[in-house]
Amino acid sequence: MTTNGGFVPVFCTVVPPHVLDKLARNDDPALSGPAQRTLMRDSELRGRRRVTTEFALAAAPTAKAPSDQPLRTIYDAEHKAALPGTKVRGEGQDPGQDATVNRAYSGLGATFELFLKAYRRHSIDGDGLPLDATVHYDENYNNAFWNGEQMVFGDGDGEIFLDFTIPIDVIGHELTHGVTQYTANLTYYGQPGALNESMSDVFGALIKQYTLGQTAAEADWLIGAGLLAPSVSGKALRSMKEPGSAYDDDVLGKDPQPATMDDYVRTGRDNGGVHINSGIPNHAFYLAATALGGNAWEKAGQIWYDVLTGGELSDRALFTDFAGLTVKAARERFGDGGEELQAVSKAWEQVGVRIP
């Protein structure tokens, strides 16, 4: 269940449609073919997600994990599109020879650990939901997604994208869509959709920093570092530190993310630009976290988590609504005179989001 208007899981991918659209128009079939196939597959999956949600066809998980331990199952799709595939590793089993399976297993565990240790949340639903993931999905599939029930990872085409289990923040990003699904349930369109994407980037980045033992100052604040093939002129899918700087490539084009409201993009594509305008709240979080210093999950992350799970965030919240709630959360948790309130307020001011 969710706190706002019922259980409405959505189909969320880590690679934005505008990136795949650009690739799909390339003259080289080695680049356009996998992108076109991925776009068609994503469209099919999105439609299926809508039907199963509307008619309640999705089966609820029957097993629950112990309260302080994950319950992970990794499946291999063997380059087919049927889910979940063949079970290849269960909870507590030793690593095998497949590095992709091992990375997926570790990434699920790291996500579970961050939410448990930092925020006392037991799995993504708060009630020990089993964590399932499928690897080696389809052929040359250029994406990873959360479909409302499980994680799915493509292997990439090897030309533009590599294996989607490589960046741990991609795993954390997609699983955080599940956390949002079970809490604020932010509508996946326009500003609430951009906030939905931003929450996934925020906690994906925090999961990476927690796993690496990095402070806010030490972190690279990149989402998807290591995912782009060596031939691509870019460092990641997105940058929270400098939105718009993640890539500038002849094939992919230039990263379109804005850092402030001055450059807010109005578009009907990508559900109203959810992967583009998420750069604005992403940058606000980066500014608040680096101003506070130390481990970003302890103060800035706690404030963002309080807002996401506190029950006051509307499923149609705008940036100003979210900003106001972060200021309120900072005041309630850390007090009126603390550096936390000042850092959060200033961060939103710097990105041009008005605090009501």
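**Figure 1. Arginine 37 and aspartate 138 pair up.** Here arginine 37 makes a salt bridge with aspartate 138, and their closest N and O atoms are 2.6 Å apart. A salt bridge means a side-chain nitrogen of Lys or Arg within 4 Å of a carboxyl oxygen of Asp or Glu. The two partners come from distant parts of the chain, 101 residues apart: arginine 37 sits in helix α2 (residues 29-54), and aspartate 138 sits in the loop between β4 and β5. Helices (H or I, at least four residues) and strands (E, at least two) are DSSP runs, numbered from the N terminus. Is aspartate 138 buried or exposed? Aspartate 138 counts as buried, at 2% relative accessibility, whereas arginine 37 is partly exposed, with a relative accessible area of 33%. Buried means under 20% relative accessible area, exposed means over 50%, and partly exposed is in between (1.4 Å probe, protein chains only). The structure as a whole holds 15 salt bridges.

A quick word on how to read these views: this is a predicted model, so local features need pLDDT of at least 70 and side-chain atom pairs count only at pLDDT 80 or more, while totals for chains, interfaces and linings use all residues. Residues are numbered from 1 along each chain as its sequence is written, and side-chain values use heavy atoms, with hydrogens and water left out.

**Figure 2. Arginine 72 meets glutamate 91.** In this view, the side chains of arginine 72 and glutamate 91 form a salt bridge, at 2.8 Å from N to O. Arginine 72 belongs to strand β2 and glutamate 91 to the loop between β3 and α3, so to speak two distant parts of the chain, 19 residues apart. Arginine 72 is buried, with a relative accessible area of 11%.

Figure 3. Where is proline 84? Proline 84 is in the loop between β2 (72-76) and β3 (86-90). A cis peptide bond joins leucine 83 and proline 84, with omega at about 10°. Histidine 79 lies in that loop between β2 and β3 too. Histidine 79 isn't a glycine, yet it has a positive phi of about 65°. Histidine 79 is partly exposed, with a relative accessible area of 39%.

**Figure 4. Asparagine 140 also has a positive phi.** Look in the loop between β4 (131-135) and β5 (144-146) to find asparagine 140. Its phi is near 50°, a positive value in a residue other than glycine. Asparagine 140 is partly exposed, with a relative accessible area of 40%.

**Figure 5. Domain 1 and domain 2 come together.** The chain is split into domain 1 (17-182) and domain 2 (190-351), with bounds from an automatic or database domain assignment. Their centres, taken over C-alpha atoms, are 22 Å apart. How many residues of domain 1 are in contact with domain 2? It's 36 residues of domain 1, touching 40 residues of domain 2, where contact means heavy atoms within 4.5 Å. The area buried between the two domains is about 3,100 Å², and carbon and sulfur atoms give 67% of that. Buried area is the accessible area (1.4 Å probe) that two parts lose on being put together, summed over both. In domain 1, Tyr119, Asp169 and His173 lose the most area to domain 2, together 21% of what that side buries.

Figure 6. The side chains of aspartate 21 and arginine 269 meet in a salt bridge, at 2.6 Å from N to O. Aspartate 169 in helix α4 and lysine 208 in helix α5 (residues 190-212) are 39 residues apart in the chain. Aspartate 169 forms a salt bridge with lysine 208, their closest N and O atoms being 3.8 Å apart, and both residues are buried.

**Figure 7. Helix α4 on the side of domain 1 that touches domain 2.** The elements giving two or more residues to this side are α1 (17-24), α3 (99-119) and α4 (168-182). Which of them gives the most? That's α4, with nine residues.
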